[in-house]
Amino acid sequence: MSVPRLVIAAPSSGSGKTTVATGLMAAFAARGLAVSPHKVGPDYIDPGYHALATGRVGRNLDAYLCGPELVAPLFAHGAQGCDLAVVEGVMGLYDGAAGQGELASTAQVAKLLRAPVVLVVDASSQSRSVAALVHGFASWDTGVRIGGVILNKVGSDRHEALLREALEESGVPVLGVLRRAAQVETPSRHLGLVPVAERGAAAVAAVAAMGAQVSAGCDLDALMGLARGAGALPGGGWSPAEALSPPSHDPPSRSAERRGDDGNAARRRPVIAIAGGPAFTFSYAEHAELLDAAGAEVVTFDPLRDERLPDGTRGLVIGGGFPEVYAGELGANESLRKEIAELALGGAPVAAECAGLLYLCREIDGTPMCGVLDASARMSERLTLGYRDAVAVGDSVLAVAGTRMRGHEFHRTVLEPGAGPAPAWGIVAPARRVEGFVQQGVHASYLHTHWASEPGVARRFTERCRTS
């Protein structure tokens, strides 16, 4: 596969990667290009801004969760048919999973994609030193090709001149200069940026401002030329259908499942409802694609507004988000909470991650939730953040005992108790513990996982929905 591509990186967090990456996506999309948006790492929030800028779903590339071998195929899957792909990095260029070398770093992903890197530098407090900074990043790993620099938060024309003069000696071209601009800033809170789904028109305006700023301050033609020099990637794109190819026999066709032509009503496509809306914005696109490929009819619902589950719901997936922010509205939707409780307690398959886990509890800081799990959640000052290696403690609707998966935790809530009589996962690294709940058809955990790394999860869950 050959698609022009750029990786947008920075020396550290807070340099302006999201502004520049989102602005580039919006600017090239405004030129009529089909732009494929990607984000390095597990973050769910930035891809929402990317999707707003491009009109295409934002996709994550995480070498820890999925393995380095899936980075290029997942990228190719998302970028198929596009004119350009823009990949926003994570943290600093060479920062990855703690104690794991380059694993899951932006630098590793750039090498796996054979993509040139554009380094976004916060120049607000430096002049000639910028050349030393850029030289160090460009020479640290010769396998990473830094093709240009975008200078961010430049104070004046004089400041810009000093920076450009210094960088002439580095051999790395300046591809853009951006002034400080309040209109492109996005508000933050306890877990980072406020998601697009919560900001509405303000998010649209912010993304438009990012696109305008980048269009005015960056050499888009030079950036496109750099992207075109990326060359071809070996191998093909990831396919959910191929990932789920059964080992011994082919399933009935999609049309046969819809009509029941095989004579077995159980083979019809079970309806799996996925929580969405402002309170549940965290979900990897590949999960719904895998469920669809496994034979499910995937329907999205909004727990803030929908008083009932979609008609015919046989299974439920509740991903991450901010139920603590919307606890009042979620608690007030008593009819939906009751229906979810009845579905779960009746044995239907339910997969809940992080926010979904909290929603299934008795309460969040005293506000009633669904009451499926005998546990309570409360906000905490302590941030729990990091990659985890996990193993399934017992059989569940997602996995058989002993299944190993990698995941990511990111929350400021505390659950009491943190695990049920039958835990969901045994965390084996960085520290040994058990967490989460397996209860009838419910699998609930703080752990965010990427099902592309273990596609059998989607097949098993769909089959349980079909037969439950």
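## Aromatic pairs

Rings of Phe, Tyr and Trp (its six-membered ring) count as a pair if their centres lie within 6.5 Å. With that in hand, a search of this whole predicted structure turns up 8 aromatic pairs.

One of them joins Tyr94 and Phe137, with 5.9 Å from centre to centre and 25 degrees between the planes. Planes under 30 degrees apart count as stacked, so this pair is a stacked one. Tyr94 sits in the loop between strand S4 (84-88) and helix H4 (106-113), while Phe137 belongs to helix H5 (residues 129-140). The two residues are 43 apart, and the pair thus links distant parts of the chain.

## The seven-stranded sheet

Let's turn to the strands. An open sheet is built from 7 strands in the order S3-S2-S4-S1-S5-S6-S7, with parallel pairing. At its edges are strand S3 (59-61) and strand S7 (174-179), each of which pairs on one side only. On average, neighbouring strands in this sheet are turned by 25 degrees against each other, direction ignored.

Within this order, you can look at one pairing in detail: strand S1 (residues 5-9) and strand S5 (residues 117-122) are joined in the parallel sense by 3 bridges. Here Ala9 has Leu119 of S5 opposite.

## Helices across the sheet

Helix H1 (residues 17-30) lies across S1, strand S2 (35-40), S4, S5, strand S6 (146-154) and S7, and runs at about 165 degrees to S4.

Helix H2 lies across S2, S3 and S4, and its direction makes an angle of about 170 degrees with S2.

## Where H2 meets H8

How do H2 and H8 lie to each other: roughly parallel or roughly perpendicular? The axes of helix H2 (residues 45-54) and helix H8 (residues 201-217) come within 10 Å and cross at roughly 70 degrees. Since 65 to 115 degrees counts as roughly perpendicular, that is how H2 and H8 are described.

On the H2 side, the contact is made by Tyr49, Leu52 and Ala53; H8 brings Ala203, Val204 and Val207. Sorted by class, this contact has 6 nonpolar residues, no polar ones and no charged ones.

## A β-α-β unit

Ile274 stands opposite Thr300 of S11. Together with helix H12 (residues 285-293), S10 and S11 make a β-α-β unit that is right-handed.

How values were computed. Residues numbered from 1 in each chain as written. Predicted model: local features only at pLDDT ≥ 70, side-chain atom pairs only at ≥ 80, totals over all residues. Heavy atoms only, no water. Pairing = 2+ DSSP bridges. Helix = DSSP H or I, 4+ residues; strand = E, 2+ residues; numbered from the N terminus. Right-handed = clockwise from strand over helix to strand, strands pointing away. Axes fitted to C-alpha atoms, helices over the stretch in contact; angles between N-to-C directions. Parallel < 35°, antiparallel > 145°, perpendicular 65-115°, else oblique. Contact = heavy atoms within 4.5 Å. Nonpolar A, V, L, I, M, F, W, Y, C, P; charged D, E, K, R; others polar. Phe/Tyr/Trp six-rings, centres within 6.5 Å; stacked < 30°, edge-to-face > 60°.
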